[in-house]
Amino acid sequence: MDHQQEKVQLFGMWASPYVYKVKWALSIKGVEYEYVEEDLWNKSRQLLKHNPVHKKVPVLVYNGKPVAESDVIVQFIDDVWKGHGGRILPEEPHERAMARFWARFVPDKLSPPIWKWFTTAGGEEQDAAHDAAMEQLRVLEEELAHGGNEFFAGDSVGLVDLSLGALAYVIPMYEEIIGERLVIEERFPSLYAWMGRFLAAPPVKDHLPPMEELKLRFRAIREYFVKNA
């Protein structure tokens, strides 16, 4: 495919982890693009035109053709720029299927109890969410330790790393705000090390959200949930 005349736009919002997943994928491939920041309280006509079904970010527009939903976009990027940068998804069919499986593990099994733990004001409900989060973190720790690689995909960032990636900076923020540790090195050595490696990886380190602004946002979110519990 000729990429000389291509035009790439990414519609996003500065705090969205799904947008950063796409940014990291584009970085892996070395793709230049125009970034369009969206106000989700006052969505642009362009966003509504490009994603009339979900009306959400991220949306990637490639030569005028929109692609929505972060997982779909990342796989689209890997296919379109197949010969550029590293592979995001493995070539071997079983490895490819397993990468998709573990990518779904994050929103299906891991993120919900962590979010519940963060937005609950103590007591039995928060304790139950903490225990559920720890159980899923142990599953992830075992998977990463079993592979024995620096990243879930091997020696470079891949689909599972991109799907899990935002938690590498979100979990420490949650821990600081609540005043309780979730991922400590003694308990989750492989996962703890992975978090540091991921944030320092070349496709990631220059494409991170403004951390102090994000922390303030999370504090406000927690205060809202606690107040309205």
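Q: What volume does the largest pocket have?
A: The largest pocket has a volume of about 1,100 Å³. A pocket is an open set of points on a 1 Å grid over the protein atoms alone, with protein on both sides within 12 Å along at least five of seven lines. This is a predicted model, where local features need pLDDT of at least 70 and side-chain atom pairs count only at pLDDT 80 or more, while totals for chains, interfaces and linings use all residues. Residues are numbered from 1 along each chain as its sequence is written, and side-chain values use heavy atoms, with hydrogens and water left out.

Q: Which residues lie nearest the centre of that pocket?
A: Ala15, Ser16, Pro17, Tyr18 and Val57 do, out of 38 lining residues; a lining residue has an atom within 4 Å of a point.

Q: And which element gives the largest share of the lining?
A: That is α4, with seven residues. Elements giving two or more residues include α1 (17-29), α4 (93-119) and α10 (211-227). Helices (H or I, at least four residues) and strands (E, at least two) are DSSP runs, numbered from the N terminus.

Q: Val57 was mentioned. Is its peptide bond to Pro58 cis or trans?
A: The bond from Val57 to Pro58 is cis, with omega near 5 degrees. Pro58 is found in the loop between α2 (45-50) and β3 (59-62). Lys55 lies in the loop between α2 and β3 as well, and its phi is near 60 degrees, a positive value in a residue other than glycine.

Q: Why point those two out?
A: Most residues other than glycine have a negative phi, and most peptide bonds are trans.

Q: Changing topic: how many cavities of 30 Å³ or more does a search find?
A: The search of the whole structure finds one, where a cavity is a set of points at which a 1.4 Å probe fits but cannot get out. About 40 Å³ of space lies in the largest cavity. Its lining includes Leu110, Leu137, Trp194 and Met195.

Q: What about salt bridges: how many are there?
A: The count comes to 12, a salt bridge being a side-chain nitrogen of Lys or Arg within 4 Å of a carboxyl oxygen of Asp or Glu. In one of them, the side chains of Lys215 and Glu176 meet at 3.1 Å, N to O. This pair links distant parts of the chain, with Lys215 in helix α10 and Glu176 in helix α7, 39 residues apart.

Notes:
Points joined across faces, edges and corners; volume = space filled by probe spheres on them.
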